[in-house]
Structure formats: structure tokens, C-alpha cells
Amino acid sequence: MLDYMIYILAFAIGSILGLLYSYKQHGEPFVADTDFNMVMAAVAIFGWCLAFDSGNVILAAIGFLLAGFVMGERPGYGRKETAVGLIIAIILYFLLKWTV
Amino acid sequence: MNLMAEILIQVVIAFLAGSLLLGLHRKVMARVQKRPGPPIVQHLIHSLKFFFKETAIPKTVSKVFYVGIVFILALVWIVGVIAGPVAHDSLLILFGVYAVYKIVEHNSGSSSGSPYGKLSCVRAVLSAATELPLFAAIVLVYLMTGTMNIGEIITYQSVHGPLAFSIPLAAVMFFMLIITKSPYSPFAITKDKALISGFETEHFGFLRGFMLFSESIAWYVMLWVFLTIFFGPLNAVGYLIGMIVITFITGFINATTPIFSPNHSVMTQITIGAICFFGTLLMIFTGVVA
């Protein structure tokens, strides 16, 4: 169970960091920028892929931290990026499962 | 693994997972009501925040009782984690945990001396109506499996398939308990909007922090027990998906229903409980369920 505790702790810390970072970037009282953020999308894809497909506790924990960072952004930000990251990670998981 | 380490790890997991799930619950409710809603991690931050706030104690409280009840609440749900996810022990212990939780709700409200707390304390007695369907669900599980031990119930389901498919009405009864304990539930008569925060109203600072900590654990333990005794042996991904799905469903239900008055709440719970209990007995004794 220790590995699950590490994952959930990493995800929670990542979410809190993401929220703090996001409020620094966007201080407006409303959602001002709805564009797809390529950098955050790359972080989300990298994070979710590491989390689901690395098979290593440390790498998966880093993955959950990064995934949590994007998912934990201020409401209105990071949603599309998270969705793209999750979909790619799940597809990769099945591809690895069937081919390897 | 060392038992103490196992308990500590499970309690941390229960707190974090419960907090995130309650955050998700708030998010789902907000999205149904066309609001952006707080971030999912907000409930966790909120719980941690209270540990660093000033703890004011009102003059009207019964001090020892007022402080002690908070620790009893935390202890009760830690026992829930030990009896459930750690030891896979008897369902009766978990029923006992839930019964003590009711008493703690009641005493927490009465110890504050606040009229809001007192009203909540009176309503906590009425909300014991939830315990009857819970006990009935446990009895039905016992009738089917011949055991109260969670470990043995899991083994039974690995052979005969999940109990949710053989005694679905008992699962409905247990699910009603989960709806009752979810935030902003139609049956949440001890914490409805007329009472501000119900029995928690007069607890501030780290005392409220402990209460939120306990509630997160309580949510996790209840979902864990429901998934374990009705959906058979599950792996971590199964639990995660199950917990997220149930949180989504309760979020939808709570976002679209008003909070019942105490008499409506009690009657609805008793009626659903009675229908499901006698329905399942009929299924068992007429041979519909093998």
C-alpha cells in the first residue's frame, strides 16, 4: 500500500502547486484565457504517461505530481490539457499491453 | 508489513482519497448547477487550513466534552479504517463505528451550547433512521454468505460473483446510507442549510480541522465497505473507478434534489429500507436468489 500512498500524496502536492502557480499566472476574477496551452498539454501527457505506463514507483510518483500540477490548475484552466494527456496515456497503456 | 505502519499508511490514504473525492463531489454538484466550482483539491486545502487557524472556544460550551468529542470522532473513523481496509474484520464493528458516529454527531451538537448545534443534536436522533437500512443490509449479506467477516465475504464473492447482482436491493439500501452521508444530501437533516454547518457550527480552528479530517476518512471508509461487500474482490484501479463513479452519482443526486424536512427524510429512508429488505427476503426464500 506504500506505493499507493506515495502516488496519492504526489498527486495532492502536484495539485496544490498547480493551483498556486495558476493563480500567479491568472489573477483575473474570471477565466480570461481559454486557449489550449501547449506547454501544459506536454506536461500533462508526460505526467499521465509516466504515471500509467512507467511501471516504476518513483517515475509514476513524478508522473502523478506532473499530472496533478496540470489538473489542479485554477478552475477553467488545464481541463483540455488533462483530457488530452489522459487519453494519450490510456491509449499508450493498451498499446503496450497488447504489443509487449 | 508492520501493523502500525499499515494502519498509518491506510489512514493517510483514506484522508487524502476521501478529501479529493469530496472535492470532486463539490465540483460535480457545481457543474450540474452551471457554476465553475472550486478546484478538486480545495476540500483538502480547506481541511489543512483549519489546523493553522485560531481555535476560539465559546463561553457556553461544556469544555471537556466539546474538545473530547472531536478526538472521539477522529478515533471512531480511524477504527473504521482498521476494521475495514486494514484488517478485513467483521461488518458488525463497522456497524458499531457508524452507531457511535451518530452519538458523536448528537453530542457534538449538544456540547456547544449553540441553538444551531442543539437543533442539529435533536435531528441527529431522528437521523438514526439510516441505521435501520444499514443493519438490514448487513443482515441480508449475512443470510446470503453465512458470515459477517469482510475477508470471508470477499472470498464468497470470488466464488459466487458479486453480491450486487444476487441481492441488488440490499445494495440499494447500503447506497442510500452513502447518499445520506454525502454532503448536501436530501437526507442530511443534521447539517441542512437551516442549521448553517449543523453540529460543526461552533467548532473552530484545529477542532474543525479534525472534524473535516474525520469526514474525509468516513467518506472513504463507507465507499470502501460498499464496494467490497457488494462488488467482490477489486484491485486498486477497481476501487478508484468505483469510488469516482459513486461520488459522481451522489453529486448528481444531491445537486438536483432539495434537502428534505426531518419527517420526510425519515419516512423516505424507512420506506425504501422496508421495501428493499422485504423484497430481498422474498427473493431469498422464494429461491430467486440461489
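# Notebook: chains A and B

**Entry 1: chain A.** I began with the size of chain A. A compact globule of 100 residues would have a radius of gyration near 13 Å, and chain A has 14 Å, so the two agree. I note here that this is a predicted model. Next I looked up the span of the C-alpha trace of chain A. Along its principal axes it covers about 45 × 30 × 15 Å.

Then I listed the elements. Chain A has four helices and zero strands. From the N terminus on, they run α-α-α-α. I also checked burial: 39% of the 100 residues of chain A count as buried. Last, I looked at contacts in chain A between residues at least 6 apart in sequence. Of these, 72% join residues at least 24 apart.

**Entry 2: where the chains touch.** How many residues of chain B are in contact with chain A? I found 17 residues of chain B in contact with 14 residues of chain A. On the chain B side, helix 1 and helix 2 each supply at least two residues. The largest share, eight residues, comes from helix 1 of chain B.

**Entry 3: helix 1 and helix 2 of chain B.** I turned to how these helices pack. Two packed helices are described by the angle between their axes and the distance between the axes. Helix 1 covers residues 3-32 of chain B, and helix 2 covers residues 42-50. Their axes come within 7 Å and cross at roughly 120°. Helix 1 of chain B is therefore oblique to helix 2 of chain B.

I looked up who meets whom. Helix 1 of chain B brings B:Leu16, B:Ser19, B:Leu20, B:Leu22, B:Gly23 and B:Arg26. Helix 2 of chain B brings B:Gln42, B:His43, B:Leu44 and B:Ser47. By class, this contact has four nonpolar, five polar and one charged residues.

**Entry 4: helix 2 and helix 10 of chain B.** The axes of helix 2 and helix 10 of chain B come within 7 Å and cross at roughly 145°. From helix 2 of chain B, the contact uses B:His46, B:Ser47 and B:Phe50. The classes are four nonpolar, five polar and one charged.

**Entry 5: the core.** Which residues have the most contacts inside the largest nonpolar core? They are B:Val141, B:Ala170, B:Phe174, B:Ile217 and B:Val221, in a core of 93 residues. Helix 10 of chain B, residues 205-230, gives the largest share, 18 residues.

I picked B:Val221 and left aside its neighbours within four places in sequence. B:Val221 is in contact with B:Ala14, B:Trp77, B:Gly80, B:Val81 and B:Gly84.

**Entry 6: two positive phi values.** I checked two loop residues of chain B. B:His88 lies between helix 3 (63-86) and helix 4 (91-111) of chain B. Its phi is near 50°, a positive value in a residue other than glycine. Is B:His88 buried or partly exposed? B:His88 counts as partly exposed because it has 15 C-beta neighbours inside 10 Å, and a buried residue needs 20 or more.

B:Tyr184 sits in the loop between helix 9 (168-181) and helix 10 of chain B. Phi of B:Tyr184 is near 60°, again positive in a residue other than glycine. With 18 other C-beta atoms within 10 Å, B:Tyr184 is partly exposed.

How values were computed
Residues numbered from 1 in each chain as written. Chains lettered and ligands numbered in written order. Predicted model: local features only at pLDDT ≥ 70, side-chain atom pairs only at ≥ 80, totals over all residues. Axes fitted to C-alpha atoms, helices over the stretch in contact; angles between N-to-C directions. Parallel < 35°, antiparallel > 145°, perpendicular 65-115°, else oblique. Contact = placed C-beta atoms within 7 Å. Nonpolar A, V, L, I, M, F, W, Y, C, P; charged D, E, K, R; others polar. Core = buried A, V, L, I, M, F, W, Y, C linked by C-beta atoms within 7 Å. Buried ≥ 20, exposed ≤ 12 C-beta atoms within 10 Å, placed from the backbone. Rg over C-alpha atoms; globule rule 2.2 N^0.38 Å.
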